[in-house]
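Subject: Handover of a structure and notes on its contents

Dear colleague,

Please find below the structure that I am handing over to you. I would be grateful if you could read the notes with the structure open beside them.

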Amino acid sequence: MTNEEIQNIFFLECEEALGLAEDGLMACRSGTADADTVNGIFRAVHSIKGGAGAFSFTLLQAFTHKFETVLSYVRDGDLPLGDTLNTLMLRAFDVLADHVAAVRGQGDLPDDAAISAQLEDVAA
């Protein structure tokens, strides 16, 4: 299997992970999320981060790490879900999807400075 074929598998896995994360985030927003939902979102973002590292997509990896850190705090019960956090996570998801599109050559790299700073602030 070539590196390009492996990378294409990663992109397919990203699409699946983004779908799972989006479904989970919508459940969080609607108030129907449980621990399994949050774990599913965390695993989806974590999977994207791992693949990004394997293919040296450093900006994608760095952003997913920040998002993953916030999700870890939610998963551990250190950050409660609420409207403000749900909105932040949905915005982070949109930027994550834009990062994935960019590494696929389907768009420009997003300007993630503001949302990255917000994720860092929440996790501090």
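Predicted model: local features only at pLDDT ≥ 70, side-chain atom pairs only at ≥ 80, totals over all residues.

Residues are numbered from 1 along each chain as its sequence is written, and side-chain values use heavy atoms, with hydrogens and water left out.

Helix 1 and helix 4

Helix 1 spans residues 3-30 and helix 4 spans residues 83-103; helices are DSSP runs (H or I, at least four residues) numbered from the N terminus. The two pack at an angle of about 170°, and their axes are 10 Å apart. Here axes are lines fitted to C-alpha atoms over the stretch in contact, and angles run from 0 to 180 degrees between N-to-C directions. Helix 1 is therefore roughly antiparallel to helix 4, a term that applies to angles over 145 degrees. The crossing of helix 1 with helix 4 is left-handed, that is, the near helix is turned anticlockwise from the far one by less than a right angle.

On the side of helix 1, the residues that meet helix 4 include Phe11, Leu18, Leu25 and Arg29; on the side of helix 4, Asn86, Phe93 and Val103 are among them. Contact means heavy atoms within 4.5 Å. The residues of this contact divide into 14 nonpolar, one polar and three charged, where Ala, Val, Leu, Ile, Met, Phe, Trp, Tyr, Cys and Pro count as nonpolar, Asp, Glu, Lys and Arg as charged, and the others, Gly among them, as polar.

Helix 3 and helix 4

Helix 3 packs against helix 4 at an angle of about 155°, with the axes 10 Å apart. These two helices are therefore roughly antiparallel to each other, and helix 3 passes helix 4 in a left-handed crossing. Their contact holds 15 nonpolar residues, two polar and no charged.

Aromatic rings

A search of the whole structure finds five aromatic pairs. One of these, formed by Phe10 and Phe11, is tilted, at 5.7 Å centre to centre and 45° between the planes. Rings of Phe, Tyr and Trp (its six-membered ring) pair if their centres lie within 6.5 Å; planes under 30 degrees apart count as stacked, over 60 as edge-to-face and the rest as tilted. Phe10, Phe11, Phe55 and Phe57 form one aromatic cluster.

Single residues

Phe11 lies in helix 1 and counts as buried at 7% relative accessibility; buried means under 20% relative accessible area, exposed over 50%, and partly exposed in between, with a 1.4 Å probe and protein chains only. Not counting residues up to four places away in sequence, Phe11 touches Phe57, Val103 and Arg104.

Asn86, in helix 4, is buried, with a relative accessible area of 6%. Leaving aside neighbours within four places in sequence, Asn86 is in contact with Cys28, Arg29 and Leu81.

Ser56 is found in the loop between helix 2 (35-54) and helix 3 (58-75). Ser56 is exposed, with a relative accessible area of 56%, and has a phi near 60°, a positive value in a residue other than glycine.

Yours sincerely

Technical notes. Parallel < 35°, antiparallel > 145°, perpendicular 65-115°, else oblique.
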